[in-house]
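Below are some notes for a colleague who is meeting this structure for the first time. Please read them with the model open beside you.

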Amino acid sequence: MKNYRIINLFRRMAVLMLALAAAACSDWTETEPVDLRVERPQNQDPALWAEYTAALRAYKQSPHFLTYARLHNSPSPSTGEQDYMRCLPDSLDIVTLTNADNFSRFDAEDLPVLHEKGTRVLYQVDYAARSEEFAGEAELTAYLDAVIAAVAACGLDGYSFTTDPLDAAATATIVATLSAAKANGQLLVYEGNPLFVAEADRAKLDYVVLDTETTTDVTTLKLQVAHATGYAGIAPERLLLAASAGAPLYDEEVVEHAALTEMSARVVSLGPLAGLAAYDLHNDYYDVARNYPLLSDAIQLLNPSK
């Protein structure tokens, strides 16, 4: 559908350019307004769109391997379509917003479309990157209260968070506060090494995204999964493997693969586990041979019959 829109727009632009060239060669160069509005799929054929999104929701409610992604929403200034939720793959199950503090009107416009597709949207609390902003318990608690209010006001589907391994007290506060705030099927997802979450708190997490995004070889990956499911006691059906788009992952024979693709295969062979988490998707968005097609291929690899 996206390719059709691009081709259609290209054709309309070509016609416009020809018309302008012809006008330049005539005695009259009066300009006329041209309507270049792009009709999105839901507006082109509402009945077909409703059928399609119903099928997507049914797929996401069925047993399958999950796909999860980070999105740095609403940067200022925006650099292109890769900054918007509407351009994420339709089959994506969960997206967490890493700039959720700045949830914009564009995000608000895109959110109903993602919900129509059955995609759940989370607010990320990136404590690992922002711990210096919270000088004490009171500052952290105030921020978490603001996050909870924003999730309710925006209609988001829960929370994801990261931790500072050296700050067990802050981690405990985050888990206690956000798990207590969950309502109406909302999720709480932890991104990192589950050993940094207190054992008693791990059961409060719906999913754990293991910190494998910088792992470059399968041998190390196997050890990380064994530690998470063994020492940390995370059930395989709650564990996702993270992969950074554009990164390599070397197999047992030291053969290089795209991390998104190879990590998808390991979700199956090392578990089966819950699914795949894709990071850094915005890189190379406009290269047709790169990250978004790779993620679509990974989703298909994980769920070939869906």
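This is a predicted model: local features need pLDDT of at least 70, side-chain atom pairs count only at pLDDT 80 or more; totals for chains, interfaces and linings use all residues.

1. Residues are numbered from 1 along each chain as its sequence is written, and side-chain values use heavy atoms, with hydrogens and water left out.

2. Is Asp157 buried or exposed? Asp157 has a relative accessible area of 17%, and it counts as buried because that term means under 20% relative accessible area, with exposed over 50% and partly exposed in between (1.4 Å probe, protein chains only).

3. The side chain of Asp157 makes a polar contact of 2.8 Å with the side chain of His115, and a polar atom of the Asp157 side chain also lies 2.7 Å from the backbone nitrogen of Val121. A polar contact is a pair of N or O atoms within 3.5 Å; within protein, one must be able to donate a hydrogen and the other to accept it, and residues adjacent in sequence count only if both atoms are side-chain atoms.

4. Beyond its neighbours within four places in sequence, Asp157 is in contact (heavy atoms within 4.5 Å) with residues including His115, Thr119, Val121 and Gln186. Asp157 and Gly185 are 28 residues apart in sequence, and their C-alpha atoms are 7.6 Å apart in space.

5. Thr119, one of the contacts of Asp157, lies in the loop between α4 (105-116) and β3, and it is buried, with a relative accessible area of 3%. The side chain of Thr119 reaches the backbone oxygen of Leu92 at 2.9 Å, and, with neighbours within four places in sequence left aside, the contacts of Thr119 include Lys60, Asp90, Ile94 and Leu114.

6. Helix α7 (residues 168-181) has 14 residues and should span 20 Å at 1.5 Å a residue, which agrees with the 20 Å between its end C-alpha atoms; the expected span is 1.5 Å times one less than the number of residues. Among the buried residues of α7 are Ala170, Ile174, Val175 and Leu178, and what covers the buried residues includes β3 (120-126), α6 (137-154) and β5 (187-191).

Notes:
Helices (H or I, at least four residues) and strands (E, at least two) are DSSP runs, numbered from the N terminus.
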